[in-house]
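Visitor: Could you walk me through this one? I'd like to ask questions as we go.

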Amino acid sequence: MLDLRSVTAGYDKRAPVFRDVSLSVAPGEAVGLLGPSGCGKSTLARVAALLHRPDAGTLHLDGTPVRHWRHRAPREQRTAFGVVFQQARLSADPRLRLADLIAEPLRATGRREGAAGRVAELAATVGLTADLLTRRPHEVSDGQLQRACLARALVLRPRWLVCDEMTAMLDASTTAALVRVVEDYRAATGAGLLAVGHDRVLLDRWCERTVDWAALTAPTTPAPTCPPGTNKVRRGN
Amino acid sequence: MADLAAGRTGTVWRSRGGEGRSTRTLRLRTSAVLLTATVLAVLLVPPLVRLDQQAVDLAAKLEAPGWDHPFGTDDVGRDLLLRCVYGLRVSLLVGVAAALTATVVGTAVGATAGALGGWVDRGVMRVVDALSSVPHLLMGVFIVAMFRPGVWPVVASVALTHWLSTARIVRAEVLSLRARPHIDAAVSGGASRWRVTVRHLLPGVLPQAATAAVLMVPHAMWHESALSFLGLGLPTHTASLGNLIQEARGSLLAGQWWPTLFPGLFIIVPTLAVAGLAGAWRERINPRRRSELML
């Protein structure tokens, strides 16, 4: 169970982005989080994925309370999540070829042997050809890069997937292909999913349960004033 | 409108772009030729030309530039061209060694502060601010005065007072990179702090650090010259550019301009050449600038 209770988080403790938000995702469950741009749903997703320390509240992961975030979180907890971000260009290291990008988590966790085989297997799963794997991010399209980012998120076989507007910048066919890959992975492993987005139709069809951000909390500060997109790149804690 | 109708707009753009490019190309080529000539002179003249730069000829003292001595002679009859080449050799050695040391120290400190953040970042940067508040020539004089005159105290003096700007540049760049989603992805993928720094952050700041290092070489040469001019740098018998200018001060007042002019040019020319190359390189590695150049 991924259980967020009364979470308050933001980038300025005096003016948090949201207060007292609670959300649970059961193992194997797919939950869609629906909300307008700038409301704080991406921040909540980052808190859930242990990438942003909340100002208040608790997070329980499979019954264990989470006490640390980012580098301070134990590696096993961090790698229990596979995260796919909205902007593939910003979430891919521009110096790494796609094969290295996908294999990076394996290398970072000391599992180099068998990395090539796992990369080839995942590339086939997400629909990347061998020649694309030798290219750098600026040499492929957004859709191809997002496929590589999804493969990177799956490479460590996470128990939880957090997709933060994964398909917002993609065409319908690529969206369908990526959602199919996620669903196939979930069917095979029983992983839970938190899909964040603002496309109600997509989330309703994709997820078993869709939660409206407005139902979780009312904004504590005047409605978010940040321009669209600025909430995607924030300094971590 | 007439231009548009005649389809000449593209020609106008190309001609403007071409003009800018030719100026840049000329600057790049001139800088490259000057710097190559300087480096070749420094590397090849001492071993190939078997002339003694210390050879004194009192009969030929303070001779104006001519066929025998293209740059003239100093107040004890030593050939100034040879002295300048030897002086540049020492100054370049000091400049390169000091710039490399300052860049390594600055990059390490800046990357550590930026990557760790929090109180480490605040503490380190306050130390940097405090050190920056002291005029670096003054601090350099203090450092060099603690040692016996020589090349390495001058290198230490310049390096230890010039890593601060590199640390600031690197720290700012690391902070900017750290906020990007690809770092979040690395953290989520189990990368340690060390791995994130070495694999993702440092490669991103290397172009800026390398540019800072290249630009620091002439700056370090100026500092070496300033310290030697004040009599605090290299021993007076060593032909450094600062020493040459310092020794020639008296003759300048007596109307002999060459003993100060040529060592001064030997400082200015490599400085401008390095600045020209660094500017061209910065334009080349900056994708936004590059796309502007293509207009």
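Visitor: Is His182(B) buried or exposed?

Guide: His182(B) is buried, with a relative accessible area of 6%, where buried means under 20% relative accessible area, exposed over 50%, and partly exposed in between, using a 1.4 Å probe and protein chains only. This is a predicted model, in which local features need pLDDT of at least 70 and side-chain atom pairs count only at pLDDT 80 or more, while totals for chains, interfaces and linings use all residues. Residues are numbered from 1 along each chain as its sequence is written, chains are lettered from A and ligands numbered from 1 in the order in which they are written, and side-chain values use heavy atoms, with hydrogens and water left out.

Visitor: Where is His182(B), and which residues is it in contact with?

Guide: His182(B) lies in helix H7 (residues 181-188) of chain B, helices being DSSP runs of H or I with at least four residues, and strands runs of E with at least two, numbered from the N terminus. Leaving aside neighbours within four places in sequence, His182(B) is in contact (heavy atoms within 4.5 Å) with Leu90(A), Ser91(A), Ala92(A), Asp93(A), Pro94(A) and His200(B).

Visitor: Over to chain A, then. Why is helix H4 described as largely enclosed?

Guide: Helix H4 (residues 98-108) of chain A is largely enclosed by the rest of the structure because eight of its 11 residues are buried. Among the buried ones are Leu98(A), Glu104(A) and Pro105(A).

Visitor: What covers the buried residues of H4(A)?

Guide: The cover includes helices H2 (75-78), H5 (115-126), H6 (130-133) and H7 (142-154) of chain A, together with H8 of chain B. Just after H4(A), Gly110(A) takes a positive phi of about 75°.

Visitor: Which residues does H8 of chain B span?

Guide: Helix H8 of chain B covers residues 193-229 and contains Arg193(B), which is partly exposed at 32% relative accessibility.

Visitor: And chain B overall: how many helices and strands?

Guide: Chain B has 11 helices and zero strands, and 44% of its 295 residues count as buried. Of the contacts in chain B with a separation of 6 or more, 69% are between residues 24 or more positions apart.

Visitor: How much accessible surface does chain B have?

Guide: The accessible surface of chain B is about 15300 Å², with 68% belonging to carbon and sulfur atoms; accessible areas come from the Shrake-Rupley method with a 1.4 Å probe, and for residues only the protein chains shown count as cover.
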